[in-house]
Amino acid sequence: MAFPFGSVIFRAATKALQAKYGSRRQYEKREKTGPAEPPIGPMAAEFIGERDSFYMATVGEGGWPYIQHRGGPPGFLKVIDDHTIAFGDLRGNRQYITAGNLMENDRVAIILVDYPRQARLKILGRAQIFEGDDAAPWIGKLGDEGIGGVVERVIVIRVEATDWNCSQNIKPRFSEEEIREALAPWEKRLAELQRDHDALLSKAPVRSGPAGV
């Protein structure tokens with residue numbers, strides 16, 4: 001079962017602040033819209049499939065939140081179905097903070113950002129870790145996008161709620177690939193102009209200097 005984002009995340013203190021600053025009525029209506037089925041619709045699935053990074057928060061036994069960045073080729077965070085996403089957890093610095101936290105508390109919060117288009121998607125869910133032989137079926141579902149190194153485990157997230165965040169204060173940033181793609185037509189045109197210039201120059205008559213020089 002999936003729920004409206006606010007009904008999962010808004011608690012008494014948050015609601016009190018919303019009431020104090022005048023936004024409670026707006027968010028109360030959103031909480032009462034009923035179950036959100038499915039949490040991952042076509043637009044969210046497409047958005048997730050285009051991302052090459054995300055940030056995931058977990059909380060461990062000590063109560064401290066921990067946010068970790070994950071990156072890979074576009075689509076490495078795989079939409080399995082309209083309630084499930086998964087990714088291959090590659091070998092890194094071997095601190096295992098996120099994996100350890102998930103052994104204590106399976107809740108996760110994820111934010112994905114499209115910087116050029118100034119859009120972001122928030123995801124709340126419960127994660128499960130699969131290792132060894134148990135991970136093999138999931139690795140098969142990840143496809144080529146999910147294999148970019150040594151996969152130590154697969155993290156599967158059952159999504160309970162999603163929410164599109166406003167674009168306010170998202171500063172447009174572009175990856176090297178996006179910049180190259182944007183510049184490609186101009187580079188092509190510049191190369192054409194250079195060829196035209198060289199051709200005209202080769203056909204220009206050679207001027208000789210004054211006699212006696």
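1. A salt bridge here is a side-chain nitrogen of Lys or Arg within 4 Å of a carboxyl oxygen of Asp or Glu. Salt bridges link Arg-70, Asp-89, Glu-131, Glu-152 and Arg-153 in a network. The structure holds 13 salt bridges.

2. On the basis of the model: it is predicted, local features need pLDDT of at least 70, side-chain atom pairs count only at pLDDT 80 or more, and totals for chains, interfaces and linings use all residues. Residues are numbered from 1 along each chain as its sequence is written, and side-chain values use heavy atoms, with hydrogens and water left out.

3. Look next at Arg-117. Its side chain meets that of Glu-50 in a salt bridge, at 2.7 Å from N to O. Glu-50 lies in helix H4 (residues 42-50) and Arg-117 in the loop between strand E5 (107-114) and strand E6 (119-130), so the pair ties together parts that are 67 residues apart in sequence. Helices (H or I, at least four residues) and strands (E, at least two) are DSSP runs, numbered from the N terminus.

4. Arg-117 also forms a salt bridge with Asp-114, the closest N and O atoms being 2.5 Å apart. How buried or exposed are these residues? Buried means under 20% relative accessible area, exposed over 50%, and partly exposed in between (1.4 Å probe, protein chains only). Asp-114 is buried, at 4%. Arg-117 is exposed, at 54%. Glu-50 is partly exposed, at 33%.

5. Arg-189 and Glu-192 both lie in H7, 3 residues apart, about one turn of the helix. Their side chains meet at 3.4 Å, N to O. Arg-189 is partly exposed, with a relative accessible area of 42%. Glu-192 is partly exposed too, at 25%.

6. Which residues form a negative surface patch? They are Asp-52, Glu-177, Glu-178 and Glu-181. Patches are made of residues with over 30% relative accessible area and no salt bridge; like charges are joined within 9 Å, and nonpolar side chains (Val, Leu, Ile, Met, Phe, Trp, Tyr) within 5 Å. Glu-178 is found in helix H7 (residues 176-203). Its relative accessibility is 32%, so Glu-178 counts as partly exposed.

7. Last, a hairpin. Strands E3 and E4 form it, with 2 residues between them. E3 (residues 78-81) and E4 (residues 84-90) pair in the antiparallel sense over 3 bridges. Two strands pair if DSSP finds at least two bridges between them. Val-79 stands opposite Ile-85 in E4.

Technical notes
Accessible areas come from the Shrake-Rupley method with a 1.4 Å probe; for residues, only the protein chains shown count as cover. Lys and Arg count as positive and Asp and Glu as negative; His and the chain ends are not counted. The place of a charge is taken as NZ of Lys, CZ of Arg, CG of Asp or CD of Glu.
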